[in-house]
Amino acid sequence: MLTFYTAGESHGRGIFAFLDGIPAGLNISKEVIDNDLARRQMGYGRGGRMMIEKDRVDVLSGIRGGLTLGSPVMLAVWNADFENWKSYMDPFSIVSGKELYTPRPGHADLPGAIRFCHKDLRNVLERASARETAGRVAAGGLLRCLLNELGINVYGYVSGIGKVKFDGMFDIGKRDASSVFCPDPVTSKEMEKAIEKAIKDGDTLGGEFRIEAAGLPAGIGSSAQWNKRLDTIISAFMMSIPAIKAVQIGKGVHSGAVYGSNFHDEICARSGRRTNNAGGIEGGISNGQNIVATCTMKPIPTLIKGLDSIDIRNGAETRAQYERSDYCAVPAASVVGEAMMIVSIASAIMNDFGQANMDELKYAFEEHRRRSELP
C-alpha cells in the first residue's frame, strides 16, 4: 500500500511530501523531480510569488546513493519567501500585521474558519493555498521514476482557458514551447489574449487540462469493490487539486449524448480497440488503452477588484481583501494534474502488486503485462 501526504504552509519554512510503501532499489533522478517543480512555476498569468521561489527538492529521508531504501521518504521544497514572513509565521511567537478578517468568496477562508474555529483567516489560507501543490509535484516527480521503470509515461497539456479551446493532437515539443502549455501555437496566442483581458479587468480566469497515461496494461484496478476501481482512485486524486470543479474520464460529459453503438470501444485482434471513448477504463479496470482524464478548473478566487464579503469580527459588509495571487494558473495546474495521475496509478499498481523491492515489482508487473496481451 502506498501512503502519501503533504504538510506545510504557504509562507512557512517549506512544503513537505511524505511517501511510504515505495519499493527499495528504485533509482531516483533529482533532475526529473526538479524539472517537474520548475514546470509548475511556469505559465502565462502567474503572480509575483513565482519570481521569488526557485523550487528544488531536498530529500530528508528514505533515499541513499540515488536509491530508495524501502523506508518512508520525506521530501522538502523550501519556501524562499519565508525570510520575508518568519516574524509572522514563527511557530511560537508572532508579530501582528498579517491578520485577515474578510473571507474571499470561493476560497477556503470562511468555511475553514468555521470548521477549525479560527478568528484569524490566515490560519486557514496558509494551508489551503495552492503553494501546497509543490509537495504534490515533488512526490509525483519521484513516482514518475517508478512508472518510467515500468514503461508508463504520464503527460498533460492545457486544453482550454476561458472560452478558448484546443482539441488537437498532443506534441510535447509544442507544449513545452507554449507559455500556456497548449500544444498549438495559434491557440496558445488566443489563450494569452484571454488571460491579458482578465488581468486588465482585475479579474481571474479558469480553464481545463487533459492528462494521459500511456503504457499501462489492461487489468489494473478492480470492479470487486468501489474503492479499488481505477477511475475512483484517479478521480479522487484529481478532484483534490485546488480549484478543480469537475473531472472527466474519456469522453466524460459527452458520453450521454450519443447512442451506445457510437460510443463503446469495439474490440479487435492485436490492436485491441479502434477508439478510446472510455478513456482506458472499463468497469473500474484499465483496458490497455491510454488513460485519459480531463479536469476543469474554476477561476482563482483571489481578485484584485475584490468581491462582496463581511468582516468576521462584527459582520459588517465590506469587500474581500486582496492576497498576492495568480491571474490564471491552469498551466501550472496541468503539472499538478500529471503528479496526481502519477500518484494515483502508482497507488493502484502497489495495491495490485505490493512488492518490497523494484526487481520483484518489475518481474511481477511484466508477467502481468505479458498475460494481458490479446491473442
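In what order do the four strands of the open sheet stand? They run β1-β2-β6-β3, with antiparallel pairing. Keep in mind as you look around that this is a predicted model.

- From one strand to the next, the twist averages 20°.
- β3 is joined to β6 (residues 73-78) by three bridges, and the two run antiparallel.
- To find your place in β6, look for Met74, which has Ser61 opposite.
- Helix α6 (residues 133-149) packs on the sheet, where it touches β1, β2 (14-20) and β6. The direction of α6 makes about 40° with that of β2.

**The largest pocket**
- Its volume is about 1000 Å³.
- The lining counts 44 residues, and those nearest the centre are His107, Ala128, Ser129, Ala130 and Arg131.
- Helix α6 turns up again here: along with α2 (49-52), α5 (122-128) and α11 (330-352), it supplies at least two lining residues.
- The largest share, four residues, comes from α5.
- By class, the lining holds 19 nonpolar, eleven polar and 14 charged residues.

**The second largest pocket**
- This pocket has a volume of about 600 Å³.
- Among its 19 lining residues, Tyr157, Asp167, Arg210, Lys251 and Val292 lie nearest the centre.
- Two or more lining residues come from each of β9 (207-214) and β15 (291-297), and β9 gives the most, with three.
- The lining divides into six nonpolar, seven polar and six charged residues.

Technical notes:
Residues are numbered from 1 along each chain as its sequence is written. This is a predicted model: local features need pLDDT of at least 70, side-chain atom pairs count only at pLDDT 80 or more; totals for chains, interfaces and linings use all residues. Side-chain values use heavy atoms; hydrogens and water are left out. Two strands pair if DSSP finds at least two bridges between them. Axes are lines fitted to C-alpha atoms, for helices over the stretch in contact, and angles run from 0 to 180 degrees between N-to-C directions. Contact means heavy atoms within 4.5 Å. On a 1 Å grid over the protein atoms alone, a cavity is a set of points where a 1.4 Å probe fits but cannot get out, and a pocket is an open set with protein on both sides within 12 Å along at least five of seven lines; lining residues have an atom within 4 Å of a point. Grid points are joined across faces, edges and corners, and a volume is the space filled by probe spheres set on the points. Ala, Val, Leu, Ile, Met, Phe, Trp, Tyr, Cys and Pro count as nonpolar, Asp, Glu, Lys and Arg as charged, and the others, Gly among them, as polar.
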